[in-house]
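This report describes the fold of one protein chain, from single residues up to the overall dimensions. The structure is shown first, and the text follows.

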Amino acid sequence: MSAENFKMLISAVTASIAGRALDADLQAWLNDEYPPSSSAYRDIFQACRDAIAEGWLCKHEGGGIKYGRVIKHTPDIHGFSVDVVDMNDIADLHHSHSTGEVDLVMPLTRDAQFDGQSADWNVYPAGSTHSPAVRGGRALARYLLPEGRIEFTKA
């Protein structure tokens, strides 16, 4: 899985959500359009696992979390940046989303949940905050950040 192929795979999803409000309706639409049983979900999940195995995805580590910004926000990815985290029964740093956040949750162990959700999409609207946490095992989360914006804050 090359970085360019990964970018093209993600770009197909960002094209479908570009310009849409980041809200509960988008979350429901993503979960209907790209559920865990879909080829798009499975392809993204496999691409993440392959890229981790190749050593270029989640290559940084801090506080027990592996992470990395894979793609900076650019017009060819529809203004989103792409970050991936690998978490195992741990909470990440509290942060705010000035422009929102779209997450794809990919459990690596059966009972793992990210922010209380198993394999699915989570959408956080502009102005929301949270301390993302994985409980019950290990999971990957792929963050799409409009304009690449994320602000680490205190809870």
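At 8% relative accessibility, cysteine 58 counts as buried, because buried means under 20% relative accessible area. The model is a predicted one. Cysteine 58 lies in a loop, the one between α3 (39-54) and β1 (60-62). The phi angle of cysteine 58 is near 60°, a positive value in a residue other than glycine. Most residues other than glycine have a negative phi.

Aspartate 89 also has a positive phi, of about 45°, although it is not a glycine. Its setting is strand β3 (residues 80-91). With a relative accessible area of 44%, aspartate 89 is partly exposed, since that class lies between under 20% for buried and over 50% for exposed.

**Overall make-up**

The protein has 3 helices and 10 strands. Read from the N terminus, the order of elements is α-α-α-β-β-β-β-β-β-β-β-β-β. The radius of gyration of the protein is 14 Å, close to the 15 Å that the globule rule gives for 155 residues, so the protein is as compact as a globular protein of that length. The C-alpha trace spans about 35 × 35 × 25 Å along its principal axes.

Of the 155 residues, 45% count as buried. Among contacts between residues at least 6 apart in sequence, 70% join residues at least 24 apart. The protein exposes about 7,300 Å², and carbon and sulfur atoms supply 50% of that area. As for charge, there are 14 positive and 21 negative side chains. The centres of these two sets lie 5 Å apart.

**Strands β3 and β9**

How many residues of strand β9 (residues 133-146) are buried? The count is 11 of the 14, so β9 is largely enclosed by the rest of the structure. Strand β3 is mostly covered as well, with 9 of its 12 residues buried. β3 and β9 pair with each other in the antiparallel sense over 11 bridges. Two residue pairs can be named in this pairing: valine 85 stands opposite alanine 141 in β9, and isoleucine 90 stands opposite valine 134 in β9.

Strand β5 (residues 101-107) is joined to β9 by 6 bridges, and in β5 aspartate 103 stands opposite tyrosine 143 in β9. Strand β6 (residues 113-114) pairs with β9 over 2 bridges. Here glutamine 113 stands opposite arginine 135 in β9. β3, for its part, pairs with strand β2 (residues 65-71) in the antiparallel sense over 5 bridges, and lysine 66 stands opposite aspartate 86 in β3.

| Strand pair | Sense | Bridges |
|---|---|---|
| β3 and β9 | antiparallel | 11 bridges |
| β5 and β9 | antiparallel | 6 bridges |
| β2 and β3 | antiparallel | 5 bridges |
| β6 and β9 | antiparallel | 2 bridges |

**The three-stranded sheet**

An open sheet of 3 strands has the order β8-β4-β10, with antiparallel pairing. β8 (128-130) and β10 (151-152) stand at the edges, each with a single partner strand, so one side of each is left without a neighbour in the sheet. Strand β4 (residues 95-97) is joined to β10 by 2 bridges, and the two run antiparallel. The bridge partner of serine 96 is glutamate 151, in β10.

**Asparagine 122**

Is asparagine 122 buried or exposed? Asparagine 122 is buried, with a relative accessible area of 4%. This residue is found in strand β7 (residues 120-124). What does asparagine 122 touch, not counting residues up to four places away in sequence? Its contacts are Gln27, Glu101, Val102, Asp103, Val105, Phe114, Asp115 and Gln117. One of them, Asp103, is the residue that stands opposite tyrosine 143 in β9.

How values were computed
Residues numbered from 1 in each chain as written. Predicted model: local features only at pLDDT ≥ 70, side-chain atom pairs only at ≥ 80, totals over all residues. Heavy atoms only, no water. Helix = DSSP H or I, 4+ residues; strand = E, 2+ residues; numbered from the N terminus. Buried < 20%, exposed > 50% of the residue type's maximum accessible area, 1.4 Å probe, protein only. Contact = heavy atoms within 4.5 Å. Rg over C-alpha atoms; globule rule 2.2 N^0.38 Å. Areas by Shrake-Rupley, 256 points an atom, 1.4 Å probe, with all protein chains shown as cover. Lys, Arg positive; Asp, Glu negative; His and termini not counted. Charge placed at Lys NZ, Arg CZ, Asp CG, Glu CD. Pairing = 2+ DSSP bridges.
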